[in-house]
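Please look over the sequence and the structure below before reading on. The report then takes up the chain as a whole and a few of its residues in turn.

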Amino acid sequence: MLGQVLTAVATPFAEDGSVNFDAFKRLCAHLLENGSEGLVISGTTGEAPTLTDAERLDLFVAAVEVAHEHGGTVIAGTGTYSTAHSVHLTRDAHGVGVDGFLVVTPYYNKPPPRGIVAHFEAIAAVTDKPIVVYNIPQRVVVNLEPETLTDLAEIPNVQYVKQATPDIDQARRIVSESGLILLAGNDELLLPFLEVGGKGGIFVFTHLVGPRVKELVSRFEQGDFDGAKEIEAELAPVIEALAVNTNPIPLKAALNMLGHEVGGVRLPLVEATDAEKAVVRETLERAGVLSSQPA
């Protein structure tokens, strides 16, 4: 297993807009010490579309260094809409010792199912590490139907799917028909997906409430379903606060409030407004994550 509680890590930036690798390493260590079993680097939360290939590779190297010291895993986000580019990124990331790959459905060019399968076959050919298929139709337009995922599962190292759509019937079919390991792709899908056979997820709110997320998974696995539901209800306001604007805008606001020094976001994303920051701060205070007292 790559892990059950995985975090899609935000990429910290310095004041000049460059990647702040020291802050990144500190954030990775914090996550692995607070509930996360693995780190997903250069995903949507990590602002992958605005990172250069060199920055991505340097982030993979830094994450591997920290994660392996803490007994965690590193999943490299190497999927793009270009098969050749995705193959290049995957080959380079494999060479620096990551543990697996997150590959999003090719976006914008809207390939048919057989083109998607060929895309993943080409990427899988340059590594023997596990591949997580990232199905997020609300961002890439194409939804990977269970039939396509079953075809993808025929590729030996395609082993997981990060499912970021709330269609519970589709999630259930993925488990029963494809044989892929189902991971929740949105924070609010964790418990619903566990209930239909999922094994965990790739999350954003674990930056803030990682230990509670891990406790939710533990309680569910121990048969304490009421306890898992109690934690789900407890964490719902945090999920809502992180949705006041496009991810990772609210997340970075929250992390900065907590002293993680992740800086701002790169255009075309823009920083949270004062009103949005107020919502995030009030939620963190109610959740007990942030003290309401001035420093």
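What follows is a short report on this predicted model, moving from the overall fold to single residues.

## The chain as a whole

The secondary structure of the protein chain consists of twelve helices and eight strands. Its radius of gyration is 18 Å, close to the 19 Å that the globule rule gives for 295 residues, so the chain is as compact as a globular protein of that length.

When contacts with a separation of 6 or more are considered, 68% of them are made by residues 24 or more positions apart. The chain carries 21 positive and 39 negative side chains, and the centres of these two sets lie 2 Å apart.

Leu39 is found in strand S2, which covers residues 38–41, and Leu39 is buried, because its relative accessible area is 0% and the cut-off for a buried residue is under 20%. Although Leu39 and Val9 are 30 residues apart in sequence, their C-alpha atoms are 6.4 Å apart in space. Beyond its neighbours within four places in sequence, Leu39 is in contact with several residues, including Val9, Cys28, Ala67 and Ile75.

His119 belongs to helix H4, residues 113–124, and is likewise buried, with a relative accessible area of 2%. The side chain of His119 makes a polar contact of 2.7 Å with the side chain of Thr83. Residues up to four places away in sequence aside, His119 touches Thr80, Ser82, Thr83, Ser86, Val103, Val104 and Pro106.

## Backbone details in the loops

The bond from Asn247 to Pro248 is cis, with omega near 10°, and Pro248 sits in the loop between helix H10 (225–241) and helix H11 (249–257). A cis peptide bond also joins Leu267 and Pro268, with omega about 15°, and Pro268 lies in the loop between H11 and helix H12 (274–286).

Ser42 is not a glycine, yet its phi is positive, at about 65°; Ser42 lies in the loop between S2 and helix H2 (53–69) and counts as buried at 3% relative accessibility. Glu261, another residue other than glycine, has a positive phi near 55° and lies in the loop between H11 and H12.

How values were computed:
Residues numbered from 1 in each chain as written. Predicted model: local features only at pLDDT ≥ 70, side-chain atom pairs only at ≥ 80, totals over all residues. Heavy atoms only, no water. Helix = DSSP H or I, 4+ residues; strand = E, 2+ residues; numbered from the N terminus. Rg over C-alpha atoms; globule rule 2.2 N^0.38 Å. Contact = heavy atoms within 4.5 Å. Lys, Arg positive; Asp, Glu negative; His and termini not counted. Charge placed at Lys NZ, Arg CZ, Asp CG, Glu CD. Buried < 20%, exposed > 50% of the residue type's maximum accessible area, 1.4 Å probe, protein only. Polar contact = N/O pair within 3.5 Å; in protein donor to acceptor, adjacent residues only side chain to side chain.
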